Amino acid sequence: MNRQSELYRKAGEAFAPALARLARAMERDSEKADDLEQEMHAALWASFARFEEQCALKTWVYRVAHNVAADHVAKAARGPKRVPLDQIGELPSPTNPEQDAGRSMVMDQVQALILQLPFPDAQVMALWLEGESTRAIAEITGLSTSAVGVRVHRLKQLLAAHFQDPSTKRDQS
Amino acid sequence: MSQFPIPEWAALIDDAQFTDPAQVQARAEAFESTIKWRNILEYAAGALAVGLFAALSIGAIAIGEYIFAAAGLFVAVCVMVVLWQLHKRGSHQPARLEMPCLDHLRSQYERQYHALRTVPVWYLGPVALGLAGFYAAFAFKFARVGGWMEAAEALWQPVLVTSAVFAGIWVLNALAARSLKRRIDQIDTLAR
């Protein structure tokens with residue numbers, strides 16, 4: 001197995017579910033989300049030819065995946081009107097609460113919120129949901145740590161009403 | 001291993017796998033093939049437009065309308081300039097997707113901003129010059145028969161409408177460019 005294939009295999013083992021969740025968070029249409037997920041895989045495969053450990057594998061994978069997602073959203077003819085985190089008062093209404101009986105309405109609202117956020121707020125939220133620290137999110141997105149911190153704090157405030165204070169599960173800042 | 005602030009999030013999908021590398025390569029080849037066909041169509045459309053104006057010029061020469069022949073050739077050259085610019089701007093360097101998201105976003109906005117800001121130079125300019133050539137040919141034609149006043153009376157309305165359309169496109173592009181510039185400035189304030 002060559003180096004590119006080995007990196008691709010390692011990345012797949014560690015990040016495949018995270019990238020699948022990211023694709024579904026950024027694209028509501030399930031067929032298009034599948035397509036976006038495969039686009040991320042293809043971009044990662046190609047990018048590993050250039051990977052010389054300039055950064056951690058995780059940082060590389062998330063950057064490629066998030067940039068592919070951002071390009072996908074930008075290409076979409078018409079998306080929902082996007083509102084920055086500091087202007088959102090509460091979680092948006094679920095767009096399709098009955099689509100999956102096993103899925104909670106709140107998770108539907110969380111995904112609706114990601115779709116409603118502009119970049120890079122949406123990227124910060126998706127990475128925070130994956131359990132990434134403020135420092136890691138800053139490295140992946142290129143935002144300053146203070147800018148990430150402000151956004152994470154706002155997210156926790158927004159979600160606190162729906163969950164038992166997510167910040168108590170892990171304080172990341 | 002990451003600790004999820006909302007475990008339900010992780011539970012949404014926890015068993016995904018990466019696409020088989022062979023399939024990934026097949027997808028890349030299919031994409032390249034699509035691009036190749038798009039380019040072929042683009043060249044064919046360009047060749048058709050240039051051919052039409054060249055044929056018009058040849059026809060004009062055959063009936064002794066040398067001014068129209070020159071105008072036709074001029075438009076053909078202008079169309080070629082626009083097509084070349086479209087091709088140049090469409091086939092940008094493949095993105096380095098491993099760059100930080102903010103840098104990637106900024107580079108995309110920057111590319112669009114420059115394309116919009118320079119529309120008058122690379123798109124409107126050549127098209128307007130081509131049309132001006134045609135109007136000039138008509139003006140000469142009218143002037144030869146009834147003088148320049150008659151030529152002005154016959155042409156002022158179409159020239160005005162055309163100018164208004166071009167000005168409108170220019171303003172819309174300038175507004176879109178300004179909005180992109182604002183986004184670029186916002187990104188700059190978010191960066192390190």
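A residue is called buried under 20% relative accessible area, exposed over 50% and partly exposed in between, with a 1.4 Å probe and protein chains only. The exercises below concern a predicted model, in which local features need pLDDT of at least 70 and side-chain atom pairs count only at pLDDT 80 or more, while totals for chains, interfaces and linings use all residues. Residues are numbered from 1 along each chain as its sequence is written, chains are lettered from A in the order in which they are written, and side-chain values use heavy atoms, with hydrogens and water left out.

**Exercise 1. Determine the secondary structure and the burial of chain A.**

Step 1. Helices (H or I, at least four residues) and strands (E, at least two) are taken as DSSP runs, numbered from the N terminus. Chain A then has 7 helices and 0 strands.

Step 2. Of the 173 residues in chain A, 58% are buried.

Step 3. A contact means heavy atoms within 4.5 Å. Among contacts in chain A between residues at least 6 apart in sequence, 63% join residues at least 24 apart.

**Exercise 2. Describe the interface of chain B and chain A.**

Step 1. On chain B 34 residues are in contact with 59 residues of chain A.

Step 2. Buried area is the accessible area (1.4 Å probe) that two parts lose on being put together, summed over both. Between chain B and chain A this area is about 4,100 Å², and carbon and sulfur atoms give 65% of it.

Step 3. A polar contact is a pair of N or O atoms within 3.5 Å; within protein, one must be able to donate a hydrogen and the other to accept it, and residues adjacent in sequence count only if both atoms are side-chain atoms. Between the two chains, 16 residue pairs are in polar contact, both residues at pLDDT 80 or more.

Step 4. On the side of chain B that touches chain A, the elements giving two or more residues are helix H1 (7–12), helix H2 (21–62) and helix H4 (101–117) of chain B.

**Exercise 3. Find which residues form the salt bridge between Arg50(A) and chain B, and locate both partners.**

Step 1. Side chains of opposite charge can pair when their charged atoms come close. The rule for a salt bridge asks for a side-chain nitrogen of Lys or Arg within 4 Å of a carboxyl oxygen of Asp or Glu.

Step 2. The rule finds 2 salt bridges across the interface of chain B and chain A. In one of them, Arg50(A) pairs with Glu98(B), with the closest N and O atoms 2.8 Å apart.

Step 3. Over all chains, the count of salt bridges comes to 16. The pair of Glu98(B) and Arg50(A) has an N to O distance of 2.8 Å. Glu98(B) lies in the loop between helix H3 (66–90) and H4 of chain B, and Arg50(A) in the loop between H2 and H3 of chain A.

Step 4. Glu98(B) is buried at 8% relative accessible area, whereas Arg50(A) is partly exposed at 25%.

**Exercise 4. Explain what the salt bridge of Lys58(A) and Glu132(A) ties together.**

Step 1. The side chains of Lys58(A) and Glu132(A) meet at 2.7 Å, N to O.

Step 2. Lys58(A) lies in helix H3 of chain A and Glu132(A) in the loop between H5 and helix H6 (134–141), so the pair ties together parts that are 74 residues apart in sequence.

Step 3. Lys58(A) is partly exposed at 28% relative accessibility, while Glu132(A) is buried at 3%.
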